[in-house]
There are 2 protein chains.
Amino acid sequence: MDHAQLEHYRQVIEAILSEYASLPYSYADIQPEVVFDRIRDRYLWMDVGWDGDRRVHGCLLHIDIIDGKIWIQRDGTEDL
Amino acid sequence: MDHAQLEHYRQVIEAILSEYASLPYSYADIQPEVVFDRIRDRYLWMDVGWDGDRRVHGCLLHIDIIDGKIWIQRDGTEDL
């Protein structure tokens, strides 16, 4: 895979995750966190916070680029 | 917080997570993944794979550096 294509994948993945993670929650004290590791090509969207006195910590989306291919390791957006 | 101290924190966190994630599993087809985002100072150890036909995807450790302080957002190592 050429570098321009890989760079394009990275930018698209980061843009999508950033857009998702920018949506505000209508309830609870939850901060979305994006975690972008371009060295290992791993891209996550995590939710961290509290719903009342209940701890919230979860991975909503986890995308890797492995050997030039996009792997959706986890997609929790259907649970939202 | 001075930059040398922050850099020291980053190196220690990455070393600990890398060491944990290098331990082999005695069962199941699970790959540990470290995800290090030095821009946002977010550091994760994820487990990804299969236990037979059951999907495995979880966050074992999630550490952030926020305003010069280390936040343990999630510690699942006690469940191991």
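**Walking through the model**

Modeller: Of the 80 residues of chain A, 41% count as buried. Keep in mind that this is a predicted model.

Biologist: What helices and strands does chain A have?

Modeller: Chain A has one helix and four strands. Along the sequence the order is α-β-β-β-β.

Biologist: And what size of box do the C-alpha atoms of chain A fill?

Modeller: Roughly 50 × 20 × 20 Å, taken along the principal axes.

Biologist: What share of the contacts in chain A join residues at least 24 apart?

Modeller: 26%, counting contacts between residues at least 6 apart in sequence.

Biologist: Let's go to the strands. Which way do strand 1 and strand 2 of chain B run?

Modeller: They run antiparallel, and nine bridges join them. Strand 1 covers residues 29-37 of chain B. One pairing to look at is E33(B), whose bridge partner in strand 2 is M46(B).

Biologist: How many residues sit between the strands in that hairpin?

Modeller: Four residues lie between strand 1 and strand 2 of chain B. In this hairpin, D41(B) takes a positive phi near 55°.

Biologist: What about strand 2 and strand 3 of chain B, how many bridges there?

Modeller: Ten bridges, and these two strands also run antiparallel. Strand 3 of chain B spans residues 54-66. M46(B) turns up again here, standing opposite C59(B) in strand 3. The hairpin between strand 2 and strand 3 of chain B has two residues between the strands. G52(B) takes a positive phi near 65° in that hairpin.

Biologist: Switching to charges. How many salt bridges are there over all chains?

Modeller: The count comes to 14. As a general point, side chains of opposite charge can pair when their charged atoms come close.

Biologist: Give me one in chain A. What does R10(A) form with E7(A)?

Modeller: A salt bridge, with the closest N and O atoms 3.5 Å apart. R10(A) and E7(A) are three residues apart in helix 1 of chain A, so about one helical turn separates them.

Biologist: Now a chain B pair. What about R38(B) and E7(B)?

Modeller: Their side chains meet in a salt bridge, at 2.8 Å from N to O. This pair links distant parts of the chain, 31 residues apart. R38(B) is in the loop between strand 1 and strand 2 of chain B, while E7(B) is in helix 1 of chain B. R38(B) counts as partly exposed, at 31% relative accessibility.

Biologist: And which residue does D51(B) form a salt bridge with?

Modeller: R54(B), with the closest N and O atoms 3.5 Å apart. D51(B) is partly exposed at 28% relative accessibility. R54(B) is partly exposed too, at 49%.

Biologist: Last topic, the interface. How many residues of chain A are in contact with chain B?

Modeller: 17 residues of chain A are in contact with 17 residues of chain B. The two chains bury about 1,500 Å² between them, 52% of it on carbon and sulfur atoms. E33(A), H57(A) and Q73(A) supply 29% of the area that chain A buries against chain B, more than any other three residues.

Biologist: How many salt bridges between chain A and chain B?

Modeller: Two. In one of them, E33(A) pairs with R42(B), and the closest N and O atoms are 3.5 Å apart. There are also ten residue pairs in polar contact between the chains.

Biologist: Which strands of chain A supply residues to the side that touches chain B?

Modeller: Strand 1, strand 2, strand 3 and strand 4 each supply at least two. The residues on that side divide into seven nonpolar, three polar and seven charged.

Note on methods. Residues numbered from 1 in each chain as written. Chains lettered and ligands numbered in written order. Predicted model: local features only at pLDDT ≥ 70, side-chain atom pairs only at ≥ 80, totals over all residues. Heavy atoms only, no water. Contact = heavy atoms within 4.5 Å. Buried area = accessible area lost by both parts, 1.4 Å probe. Salt bridge = Lys/Arg side-chain N within 4 Å of Asp/Glu carboxyl O. Polar contact = N/O pair within 3.5 Å; in protein donor to acceptor, adjacent residues only side chain to side chain. Nonpolar A, V, L, I, M, F, W, Y, C, P; charged D, E, K, R; others polar. Pairing = 2+ DSSP bridges. Buried < 20%, exposed > 50% of the residue type's maximum accessible area, 1.4 Å probe, protein only.
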